[in-house]
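Thanks for asking me to look over this model. Here are my notes, written as numbered points so that you can follow them with the structure open beside you.

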Amino acid sequence: MTQTHTTSLTKTFVDTVTYRPGAVILYPGKSDMLYRVASGLVRVHTMDDDGNGLTLRYVKPGEYFGEEALAGVNRAYFAEAVTDSTVDVINPALMSAEDNLIVTTHLVKTLERAYESIYRLVGKRLRARIAGELLELKDTALATQLDSGETMIYATHDELAAAVGSVRETVTKVVGELSREGVISAGYGKITLKDERALATISAA
């Protein structure tokens, strides 16, 4: 389902497209359009020579991906809808100075988050990386608020492994440890945050 914006404030829009979970939005290769998530959640990821996936970042509503189109360079990653997602397609050639400033500000914030992710991957133990990733996912479309006030996140161990640079078996072991400590509770494809303060402490260690 698509719809085209025609108001004067959205002249840079080419289209708005809705994707189902698991749909690939972008493949590596030529880039010509910029994308902004209107709703849902998009995962930007790549693969190593062995075919293992590595999550580079999650794109939340109001955030952009496909920024390489601004420089006319080729894309080196995949972008995939994690949940039902609506994405605005934007033509960089039609962007105003104000539009460019908004995107530049976004890029600065994205770079800051990338630095934090790199630090977690390189300088943190797996336990801290998993805690940090769960807190990151808390504010995405993968999370839902329970009647108890706790947050439940829909994520598999494979998805967590791809996000923290590990393998499912090792992530499962750490998730089990955190569950036994009462910090989280884990079920099939979902993790409930029982003690977010403890998770924050673990993440910062």
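The points below go through strands, a helix, charged pairs and a surface patch.

1. A word on the basis. This is a predicted model, in which local features need pLDDT of at least 70 and side-chain atom pairs count only at pLDDT 80 or more, while totals for chains, interfaces and linings use all residues. Residues are numbered from 1 along each chain as its sequence is written, and side-chain values use heavy atoms, with hydrogens and water left out.

2. Let me start with strand 9, residues 85–90. Helices (H or I, at least four residues) and strands (E, at least two) are DSSP runs, numbered from the N terminus. Strand 9 is mostly covered, with 6 of its 6 residues buried; buried means under 20% relative accessible area, exposed over 50%, and partly exposed in between (1.4 Å probe, protein chains only). The cover extends to both faces: Ser85, Val87 and Val89 are buried on one side, and Thr86, Asp88 and Ile90 on the other.

3. Which strand pairs with strand 9 over 5 bridges? Strand 4 does, in the antiparallel sense; two strands pair if DSSP finds at least two bridges between them. Within this pairing, Leu34 has Ile90 as its bridge partner. In general, strands of a sheet pair through backbone hydrogen bonds, either parallel or antiparallel.

4. Arg36 and Asp88 meet through their side chains in a salt bridge, at 3.5 Å from N to O; the term means a side-chain nitrogen of Lys or Arg within 4 Å of a carboxyl oxygen of Asp or Glu. The pair links distant parts of the chain, since Arg36 is in strand 4 (residues 34–39) and Asp88 in strand 9, 52 residues apart. Asp88 is buried, at a relative accessible area of 7%.

5. How many salt bridges does a search of the whole structure find? The count is 14. Arg168 is partly exposed at 38% relative accessibility. Asp139 is exposed at 53%, and Lys138 is partly exposed at 26%.

6. Please also look at the network of salt bridges that links Lys60, Glu63, Arg113 and Glu136. Lys60 is located in the loop between strand 6 (53–59) and strand 7 (64–65). Is Lys60 buried or exposed? Lys60 counts as buried, at 16% relative accessibility. Not counting residues up to four places away in sequence, Lys60 touches Val37, Leu41, Glu136, Asp139 and Thr140, where contact means heavy atoms within 4.5 Å.

7. Beyond its neighbours within four places in sequence, Leu26 is in contact with Tyr35, Phe65, Gly66, Arg75, Tyr77, Phe78 and Ala79. Leu26 and Phe65 are 39 residues apart in sequence, and 9.7 Å separates their C-alpha atoms in space.

8. Next comes helix 3 (residues 157–164), which is largely enclosed by the rest of the structure because 6 of its 8 residues are buried. The buried residues are His157, Leu160, Ala161, Ala162, Ala163 and Val164. Just after helix 3, Gly165 takes a positive phi of about 70°.

9. Further along, 4 strands form an open antiparallel sheet in the order 10-11-13-12. Strand 10 (143–145) and strand 12 (184–187) are at the edges with a single partner strand each, so one side of each has no neighbour in the sheet. Strand 12 pairs with strand 13 (residues 190–193) in the antiparallel sense over 4 bridges, and Ala186 stands opposite Ile191 of strand 13.

10. Finally, the surface. Leu111, Tyr115, Ile118 and Val122 form a nonpolar patch with about 450 Å² of accessible area together. Patches are made of residues with over 30% relative accessible area and no salt bridge, with like charges joined within 9 Å and nonpolar side chains (Val, Leu, Ile, Met, Phe, Trp, Tyr) within 5 Å; accessible areas come from the Shrake-Rupley method with a 1.4 Å probe, and for residues only the protein chains shown count as cover. Tyr115 belongs to helix 1 (residues 97–123) and is exposed, at 54% relative accessible area.
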